Amino acid sequence: MGFIDDVVVNAKSAAEIVGKTAGKIVDVSKLKINSAEVNADIKEEFEALGRYVYENARVFHSDDVEMAAKMARIDVLKEQASSIQKELLDKQNKTSCPSCGKMSPVGVSFCSVCGTKLDTKDVAEAAPQEQPKTEEKPAEEKAAEDTNSTEE
Ligand SMILES: [Zn+2]
């Protein structure tokens with residue numbers, strides 16, 4: 001009886017020790033995860049705030065030079081992103097749904113997700129043809145021509 005009790009007690013305390021150590025490890029890694037999660041949430045909220053200001057409160061901050069510069073930078077990056085995306089889609093022979101963004105192979109007429117009609121005209125436009133460059137005349141020359149024609 002005594003022996004079994006001892007074993008049980010030993011097993012118990014061993015389990016307790018392991019449990020405590022594991023608990024510490026779990027606590028630390030839990031806290032680390034919590035910290036990372038909360039920080040990620042903060043980052044997300046900052047991003048959401050930035051997006052909100054960018055999209056909705058732009059007018060109210062139009063006199064804020066730094067903010068205007070940051071927004072202009074976002075504008076440029078957004079344009080870059082969309083042109084890269086377009087190029088990528090062209091290379092992959094895919095087109096994205098204007099409504100839901102789902103990618104479909106070029107030539108498909110309707111989005112498989114939302115049923116939006118896909119612009120198949122883009123297929124022809126996807127291969128850019130070299131346009132003969134028309135020389136823009138400087139404004140002065142144009143103005144001179146204009147005055148010449150009115151003199152007649
Ligand atoms: Zn769609």
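**Burial and layout**

Tutor: Buried residues (under 20% relative accessible area, 1.4 Å probe, protein chains only) make up 7% of the 152 residues in the chain. This is a predicted model, where local features need pLDDT of at least 70, side-chain atom pairs count only at pLDDT 80 or more, and totals for chains, interfaces and linings use all residues. Residues are numbered from 1 along each chain as its sequence is written, and side-chain values use heavy atoms, with hydrogens and water left out.

Student: OK, how many helices and strands does the chain have?

Tutor: Four helices and two strands, taking helices as DSSP runs of H or I with at least four residues and strands as runs of E with at least two, numbered from the N terminus. Along the sequence the pattern reads α-α-β-β-α-α.

Student: Switching topic: where does Ser 96 lie?

Tutor: Ser 96 is in strand β1, residues 94–96.

Student: And why does Ser 96 count as partly exposed?

Tutor: Because its relative accessibility is 28%, and partly exposed means between the under 20% of buried and the over 50% of exposed.

Student: What does Ser 96 touch?

Tutor: Leaving out residues up to four places away in sequence, Ser 96 touches Leu 89, Gly 101, Lys 102, Met 103 and Leu 118; contact means heavy atoms within 4.5 Å.

Student: How far apart are Ser 96 and Asp 119?

Tutor: They're 23 residues apart in sequence and 9.3 Å apart in space, C-alpha to C-alpha.

Student: Last one: is Glu 45 buried or exposed?

Tutor: Glu 45 is exposed, with a relative accessible area of 55%. Glu 45 has its place in helix α1, residues 2–56.
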